[in-house]
Amino acid sequence: MAKALPRSEIRFLLNNERVALSDVSPDETLLDYLRLRRNLRGTKEGCAEGDCGACTVLVGRLLAGRLVYESVNACIRFLGSLDATHVVTVEHLKGADGKLHPVQQAMVDFHGSQCGFCTPGFVMSLYALWMREPNPSDAEIEKALQGNLCRCTGYEAIVRSARAISGYGKVSNDPLLGERNAVIGQLTAMRDGARVEIGAGKHRFIVPATADDFARVLEAEPNATVVAGSTDVGLWVTKHMRDISPVVFIGGIEDLKSVAETDGVITLGAGVTYTEAFDVLANRIPALGSLIDRIGGQQVRNMGTIGGNIANGSPIGDTPPPLIALGATLTLRRGDSRRTIALEDYFIAYGKQDRAPGEFVEAVHVPVPKEGTHFAVYKISKRRDEDITSTLGAFYLEVSNGTVTSIRIAYGGMAATPKRARSVEAALLGKSWNEATIEAALDAFAADFSPLTDMRATAEYRALAARNLLVRFHAETTGTKAPIQISRAA
Amino acid sequence: MTAHQPDLKATRIAGGVHTDQKHDSAHKHVTGEAIYIDDMPEPRGTLHGCLGLSTVTHGRIVNIDLSAVRAAPGVVDVLTSADVPGVNDISPTGRNDEPVLADGLVQFYGQPIFCVIAETREQARRACKLAKVEYEELPFVLDIAGLDVAKDRLVTPNLTLVRGDAAAAIAKAPRRIKGQVRHGGQDHFYLEGQISMAVPGEDGDVTVYCSTQHPSEVQHMVGHALGVPSHAVTVEVRRMGGGFGGKETQGNQFAALAAIAAKRIGRAVKIRPDRDDDMTATGKRHDFLIDYEVGFDDEGNILGVEYTYGARCGFSSDLSGPVTDRALFHCDNAYFYPAVKAVSAPFYTNTVSNTAFRGFGGPQGMIGAERVIDEVAFATGKDPLEIRRKNFYGTTDRNVTPYHQTVEDNIIHRIFDELEQSADYAGRRREINAFNNNSRFIKRGLALTPVKFGISFTATHYNQAGALVHVYTDGSVHLNHGGTEMGQGLNTKVAQVVAEEFQIDIDRVKITATTTGKVPNTSATAASSGADLNGMAAQNGARQIKTRLIEFAADKYNVEKDQIEFLPNRVRVGNQEIPFTELIAQAYLARVQLSAAGFYKTPKIHWDRSKGQGRPFYYFAYGAACAEVSVDVLTGEYMVERVDILHETGRSLNPALDLGQVEGAFIQGMGWLTTEELWWDEKGRLRTHAPSTYKIPLASDRPKIFNVKLASWAENAENTVHKSKAVGEPPFMLGMAVYHALTDAVASVADHKIHPQLDAPATPERVLMAIEKLKAAR
């Protein structure tokens with residue numbers, strides 16, 4: 001229910017300046033705006049695809065009344081999606097007296113920069129980490145830096161810097177904290193409940209005010225490009241130079257951001273980012289938490305949504321296989337009508353999903369595994385973190401008196417869609433849960449999957465690793481104390 | 001930096017040599033104030049270029065229709081090979097085999113054919129996509145497997161090194177092994193991509209701001225392509241956002257095109273390729289296929305060895321000659337071969353022309369040496385550590401290399417022994433064996449590998465450098481030299497040398513952008529030589545001025561020259577101390593020249609390529625690394641558990657910066673051999689051309705425990721700048737320890753009885769497939 005008339009400008013804060021813009025193209029990135037229009041050239045372009053982190057800036061926004069700052073990739077973040085946010089760039093950190101910020105001083109003193117090109121991005125990622133965790137563990141530092149590539153230092157000096165930041169100053173003295181109330185006031189004032197509509201023809205975009213408003217917009221514009229986190233669509237623009245107009249930016253719609261558990265089912269609104277979902281999922285379904293830690297880098301997790309990961313239908317999206325194994329369902333909405341389908345039925349074929357024109361994924365419902373059941377998800381990639389899956393297997397198992405009474409297995413990277421291993425499941429269901437059964441079931445993989453060879457892995461490797469993941473899953477359910485997986489833990 | 005009063009009582013200057021100093025730009029890096037070329041203010045009306053790349057792997061251009069490109073919004077000009085006013089060639093070694101823009105023939109997928117110049121970068125990129133190019137496709141060669149050095153096309157004459165009769169030694173040896181090892185190439189992945197901005201001047205001059213390690217070469221190439229003398233071209237670079245060899249020659253193309261367009265149109269032109277175009281159209285580390293045969297005895301003593309080093313060079317020679325030469329120079333790593341023959345095979349392929357990359361063939365050479373060691377160790381059932389030690393160069397005998405240079409400064413034994421102790425190799429070997437016996441799914445592996453790396457350009461004439469030192473009347477110093485700053489801290493080190501020479505605090509020394517207009521005819525900042533060469537040249541410049549100051553003071557104060565001493569921020573003249581600034585002021589009034597051009601050339605070196613003999617290297621740098629990994633035998637995934645490194649940089653000019661070089665080089669070397677994989681599809685397209693598909697190490701790929709030490713006792717046996725040693729490249733090869741630890745872990749699957757022949761990059765896939773092979777064979 002858009003209360004006010006549509007607005008034809010976006011409004012946001014850039015460092016300490018209020019900005020109102022009406023000349024914005026839907027495909028204009030935040031990075032180009034900063035560097036080309038504002039001459040703020042501390043923020044760098046390294047890859048223009050959200051992988052290297054040289055363009056990292058902070059975006060602050062109100063979430064349930066709280067002001068949250070998160071690192072994002074300015075290179076694939078669209079300017080039009082920034083209504084009612086506070087964009088903080090590296091230029092904002094140094095004090096008015098010229099004194100370096102604690103993050104900056106630590107990076108200087110511990111030799112955290114060499115060529116310096118990635119450095120502003122690292123500074124911003126570490127700044128975001130320091131604000132929420134002034135004394136991070138090494139694991140937290142590594143996680144915060146998964147989306148930042150450095151080719152010079154080998155990271156050791158950067159991690160040393162990160163450990164030392166709090167020795168240079170207190171978070172409570174941080175300038176951003178000092179101006180927090182003023183920022184909250186300004187951002188609150190910017191959220192006037194109005195839909196934003198800017199441009200025409202090939203340069204048109206809409207920022208709906210609410211989920212209901214979004215439903216109306218999409219019904220009227222069924223061919224619009226829906227952009228939540230822009231971690232995928234961003235590359236359509238920066239790499240493929242595709243025209244994406246008209247665009248509907250939904251990342252800021254607060255009523256698509258609910259995370260709630262009812263009767264053992266977690267419901268995630270389509271606009272919930274990986275980061276926003278993390279606490280609940282990691283707590284209730286730890287294997288999903290561990291998986292999310294390996295999706296993209298922190299910046300991508302701060303932008304990308306689980307709804308988007310599902311909706312775009314990619315065969316290598318990381319969340320669909322585990323959600324299918326868990327028996328998740330989707331709510332699809334068109335206008336005011338809704339329907340609920342099993343997630344696995346959403347994926348019809350490569351590039352084809354069960355989504356009608358004007359319809360959108362509104363929520364995903366994830367059953368929490370019951371006590372005594374087994375659930376695991378294993379991602380395999382060339383590099384452990386911030387890499388795209390070569391194969392990913394997810395397993396849900398119920399065993400009663402040693403016999404398999406329920407089994408759901410789903411894989412990514414093995415077919416044109418995220419897909420159940422039905423033959424393998426059939427070979428396990430009703431059998432004793434033991435090594436002999438596993439061994440006998442392995443040949444069924446060939447009936448379920450004929451994977452492809454590409455730059456990530458050969459078909460042979462995918463097939464073999466997929467089989468072996470079932471072996472791993474079985475071993476993990478046996479309660480053995482011997483190590484079964486490699487671990488980053490010390 | 002605000003000026004401060006120099007401390008006239010100090011016992012030591014601030015920022016002298018052998019001290020930890022921060023990178024001179026660190027405070028600008030962290031604030032975003034450090035200016036890279038894309039950050040410079042653009043002259044009014046600056047245009048932007050984008051390269052149109054070929055879409056076939058090998059073919060003749062039958063028809064090229066650029067009308068839609070020219071008509072696209074914002075397009076100002078479109079250049080093709082016909083628009084190159086001078087010579088359409090940027091071959092750095094003068095082989096005339098590398099066009100600026102393809103002329104009729106394209107030889108790899110992604111070769112630049114035309115260049116669009118538009119009002120904005122976005123417009124240029126969009127316009128590029130509108131070209132219609134028709135090709136007559138030709139057969140292409142992607143892979144070097146099966147190519148024959150005697151029959152197949154080479155991009156440059158190959159090299160053979162011979163000492164003794166290797167074939168006879170192998171034939172006579174009690175035991176023999178023949179094998180092959182393959183390793184991949186590597187993209188530089190400098191975070192700042194290639195970029196050039198050309199600004200036209202008067203009289204047809206042009207100034208090019210180029211992210212390059214080799215401004216003089218860019219100057220020559222731009223002049224060549226424009227058909228103008230070198231004096232019409234000035235090339236400047238303040239800093240690069242990473243180079244690693246990828247900006248030794250690969251900037252030439254962008255610089256030449258920007259300069260051609262700028263002069264044609266009369267406006268500044270900037271070309272900054274997108275990351276994907278950069279990775280598609282610019283060269284990388286050469287991948288090699290190495291054939292070896294080794295003869296040895298039951299104790300594991302190598303008696304004779306033969307190598308053929310086949311390299312995928314791409315479509316042109318670029319630096320493939322010197323790179324493949326250097327591979328042969330390191331086929332020994334730290335080992336003495338009683339008889340050896342090594343042959344290089346720089347093969348032509350229809351791929352991007354490979355180029356310099358940190359180590360410059362040296363790492364590839366050492367892969368062969370270390371593979372042979374592993375083979376001998378497995379064959380004799382001994383720990384590879386024992387075989388390595390057994391075959392090390394001696395200090396007084398067994399010390400002649402395959403290229404007939406005597407190793408005079410060998411310290412690998414001490415390095416190796418100290419590291420073996422500090423890393424507790426023996427204890428951990430026992431622990432790992434026990435662990436592996438009780439672990440079904442996770443296996444651990446351990447390896448300790450040495451590095452001996454030759455320092456000097458093998459092209460002897462490159463081993464020269466110049467510097468320009470001005471002392472202004474207030475005693476502040478303006479320093480310029482021919483080296484380029486790419487993050488390694490070269491400017492800091494050279495400033496330390498100059499500060500030390502004048503005995504003034506380092507903040508009195510201003511570091512300035514490298515430009516061909518100040519120091520001419522420079523060599524690439526490459527071959528780890530930056531501080532060795534430019535530090536000496538700057539020292540020489542400072543000493544010339546000092547000599548004049550001493551003469552002046554001796555005369556003015558009527559003291560003997562040996563009674564004049566440069567103390568921190570002051571000069572003792574007989575019995576009195578005069579502030580440096582005051583002496584300078586006096587010298588100026590007395591009309592003493594306070595500026596000098598310093599020069600240096602490396603002594604002792606010589607190399608006769610036709611004979612394969614000489615002393616190509618002034619000295620060697622040494623180090624060793626011990627790595628422990630854990631491997632998942634179900635998936636091939638692995639984790640680096642611990643790495644210990646002992647590396648020497650002589651008497652380090654700046655231990656803090658050297659430590660950073662060692663750590664960074666190690667991780668980069670590890671990346672090369674583990675997760676960094678270049679993958680071409682059957683059509684010849686490189687499909688790993690962005691960080692989404694090409695995976696360099698992350699912070700979470702660091703060893704969990706990482707103990708890195710510089711050998712504090714080391715000093716250069718040769719008379720280098722303050723007895724320091726080069727550091728850029730040698731520690732890159734420490735990354736081999738991880739690769740060999742992976743081999744060790746894989747081998748545990750078959751009780752170390754079978755050599756796994758794990759190739760690189762050892763991705764989880766290659767590791768798992770090696771495990772499967774062993775499981776099948778055991």
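In chain A, 22 residues of domain 3 are in contact with 24 residues of domain 4, where contact requires C-beta atoms, placed from the backbone, within 7 Å. The structure is a predicted model, in which local features need pLDDT of at least 70, side-chain atom pairs count only at pLDDT 80 or more, and totals for chains, interfaces and linings use all residues. Residues are numbered from 1 along each chain as its sequence is written, while chains are lettered from A and ligands numbered from 1 in the order in which they are written.

**Domains of chain A**

- On the side of domain 3 of chain A that touches domain 4 of chain A, α11 (286–292), α14 (320–325) and β14 (347–349) of chain A each supply at least two residues; helices (H or I, at least four residues) and strands (E, at least two) are DSSP runs numbered from the N terminus.
- The largest share of that side of domain 3 of chain A, five residues, belongs to α14(A).
- By class, that side of domain 3 of chain A has 15 nonpolar, four polar and three charged residues; Ala, Val, Leu, Ile, Met, Phe, Trp, Tyr, Cys and Pro count as nonpolar, Asp, Glu, Lys and Arg as charged, and the others, Gly among them, as polar.
- The centres of domain 3 of chain A and domain 4 of chain A, taken over C-alpha atoms, are separated by 21 Å; domain bounds come from an automatic or database domain assignment.

**Chain B as a whole**

- Chain B contains 18 helices and 29 strands.
- A compact globule with 778 residues would have a radius of gyration near 28 Å, and the 27 Å of chain B agrees with this; the radius is taken over C-alpha atoms, and the globule rule is 2.2 Å times the number of residues to the power 0.38.
- Of the 778 residues of chain B, 65% count as buried, which requires 20 or more other C-beta atoms within 10 Å of the residue's own; exposed residues have 12 or fewer, and partly exposed residues fall in between.

**Strand β27 of chain B**

- Strand β16 (residues 442–455) of chain B runs antiparallel to β27(B) and is joined to it by 14 bridges; two strands pair if DSSP finds at least two bridges between them.
- Strand β28 (residues 638–647) of chain B also pairs with β27(B) in the antiparallel sense, over nine bridges.
- Five residues lie between the strands in the hairpin of β27(B) and β28(B), where Gly636(B) takes a positive phi near 80 degrees.

**Where the chains meet**

- In all, 72 residues of chain B are in contact with 67 residues of chain A.
- The largest share of the side of chain B that touches chain A, seven residues, comes from α16(B).
- That side of chain B has 28 nonpolar, 23 polar and 21 charged residues.

**One partly exposed residue**

- Phe599(B) lies in strand β24 (residues 595–601) of chain B.
- Phe599(B) counts as partly exposed because it has 15 C-beta neighbours inside 10 Å.
- Although Phe599(B) and Gly466(B) are 133 residues apart in sequence, they are 4.5 Å apart in space, C-alpha to C-alpha.

Terms used: Contact = placed C-beta atoms within 7 Å.
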